[in-house]
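Have it open beside you while you read.

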Amino acid sequence: MAKSYTFFKSWSTTLLGLLMALGTLTNQAEARAFFVFGDSLVDNGNNNYLATTARADSPPYGIDYPTRRPTGRFSNGLNIPDFISREIGSEPTLPYLAPELNGQKLLVGANFASAGIGILNDTGIQFVNIIRMYRQYQYFEQYQQRVAALIGAQRAKQLVNQALVLITVGGNDFVNNYYLVPFSARSRQFPLPNYVKYLISEYKKLLQRLYDLGARRVIVTGTGPMGCVPAELATRGRNGQCSAELQRAASLFNPQLAQMLRQLNSGVGRDVFIAANIQQMHNDFVTNPQAFGFVTSKVACCGQGPYNGIGLCTVASNLCPNRNLYAFWDPFHPSEKANGLIVQEIMTGSTEYMYPMNLSTIMALDSRT
Ligand SMILES: *[C@@H]1O[C@H](CO)[C@@H](O)[C@H](O)[C@H]1NC(C)=O
Ligand SMILES: *[C@@H]1O[C@H](CO)[C@@H](O)[C@H](O)[C@H]1NC(C)=O
């Protein structure tokens, strides 16, 4: 770590010198840019602009958002990227497909995430028109060209190199692919341990590509405890127990992801990729919801059937009066309250949660000159 720190320090000093020489980087230098890639856990509304059923653009989604209206976020209010934007002192990132994302707003960053996607192209095929990972990267390249046209190629490159990046993907490769139907194509092709290895090898390529596209600080979340979400309790769990099979998938996937990130970092000689152990964070709610002020981590606030875990959250669903008392907003997604707690852990968590370091440490390191 000492070695990569020195390297980083001299790198950032050089960049800062360049910026000062250019002399004109003012407002946008106050907060670093933020880029978001991945699935519904981090989608800020791209799917609103697509012909897909994977969307969160009708009530009661957004019921606790400042506007009290649905935005496309899969939350009653803010999601994980929103809380991170707040921590780094930025406005929330706009969805890349939003028409308002142009001019100076581009310098805040952009959100490329799309609900339903996975590491693999064949994940979420039932949602038809969603922005798969390779396409999120194409948009990221297009974004960089647009920013270069605005502030010049050199400064655009710096903006990307100094940005914070979040990527959350992988859960759908299980729930919306391998386990989507019994005897799915992927489950006939691979036993679970081999499927996990395949996912990790494909994810590694995606992260290498992100580095090649200029990302230098990337928070990579693992999957949550997928077997314990209300949807799985309702459909697979017995007597309110988490689905053993999906829990097994998460416990195979997450440690191998952390291992792969360590390999990537040692390859580039710097701590570019930071592992966020969402499984552990979320497990804390699942094992002791009361400690976090939740009445339950089993029942979704919005939904129907056992655990409110069946079907979609719509105006016709059961809706809890106080969303802050629920760890899950809908059958798959955490509540705003849970998202905020997860980001607190990302900010200040120990190395058990954030490896090799938490976001406060990253911010302190990156701001040092
Ligand atoms: C996903 O699809 C894109 C576009 O067809 C292709 O370029 C890419 O290689 C595919 N990725 C994988 C892992 O097959
Ligand atoms: C962040 O991580 C470091 C190193 O693990 C730890 O010492 C510190 O207490 C954590 N929290 C903050 C706010 O830095």
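**Ground rules.** I am working with a predicted model, where local features need pLDDT of at least 70, side-chain atom pairs count only at pLDDT 80 or more, and totals for chains, interfaces and linings use all residues. Residues are numbered from 1 along each chain as its sequence is written, while chains are lettered from A and ligands numbered from 1 in the order in which they are written.

**The sheet.** Strands here are DSSP runs of E with at least two residues, helices are runs of H or I with at least four, and both are numbered from the N terminus. Two strands pair if DSSP finds at least two bridges between them.

**Strand S5.** This strand covers residues 273-276 and pairs with S8 in the antiparallel sense over two bridges. Across from Ala-275 I found Tyr-355, and across from Ala-276, Met-354. With S4 the pairing is parallel, over four bridges, and Val-218 has Phe-273 as its bridge partner.

I then checked where the side chains go. In a regular strand the side chains alternate between the two faces of the sheet. In S5, Phe-273 and Ala-275 point one way, Ile-274 and Ala-276 the other, and all are buried. Buried means 20 or more other C-beta atoms within 10 Å of the residue's own, exposed means 12 or fewer, and partly exposed is in between, with C-beta atoms placed from the backbone.

**The core.** A nonpolar core is a set of buried Ala, Val, Leu, Ile, Met, Phe, Trp, Tyr and Cys residues joined through C-beta atoms within 7 Å. The largest one has 93 residues, and Val-218, Val-220 and Ile-274 have the most contacts inside it. Helix H10 gives the largest share of this core, six residues. Leaving out residues up to four places away in sequence, Ile-274 touches several residues, among them Val-218, Val-220 and Met-354; contact means C-beta atoms, placed from the backbone, within 7 Å.

**Leu-166.** I found Leu-166 in strand S3 (residues 164-168). Why does Leu-166 count as buried? It has 27 other C-beta atoms within 10 Å. Leu-166 and Thr-221 are 55 residues apart in sequence, but their C-alpha atoms are 7.9 Å apart in space.

Most residues other than glycine have a negative phi, and most peptide bonds are trans. I went looking for exceptions.

- The bond from Pro-59 to Pro-60 is cis, with omega near 5 degrees, and Pro-60 is in the loop between S1 (34-38) and H3 (80-87).
- The bond from Tyr-355 to Pro-356 is also cis, and Pro-356 is in the loop between S8 and H13 (359-367).
- Asn-239 has a positive phi of about 50 degrees. Is Asn-239 buried or exposed? It counts as exposed, with 5 C-beta neighbours inside 10 Å.
- Tyr-307 has a positive phi near 55 degrees, yet Tyr-307 is buried, with 22 other C-beta atoms within 10 Å.

Terms used
Two residues are in contact if their C-beta atoms, placed from the backbone, lie within 7 Å.
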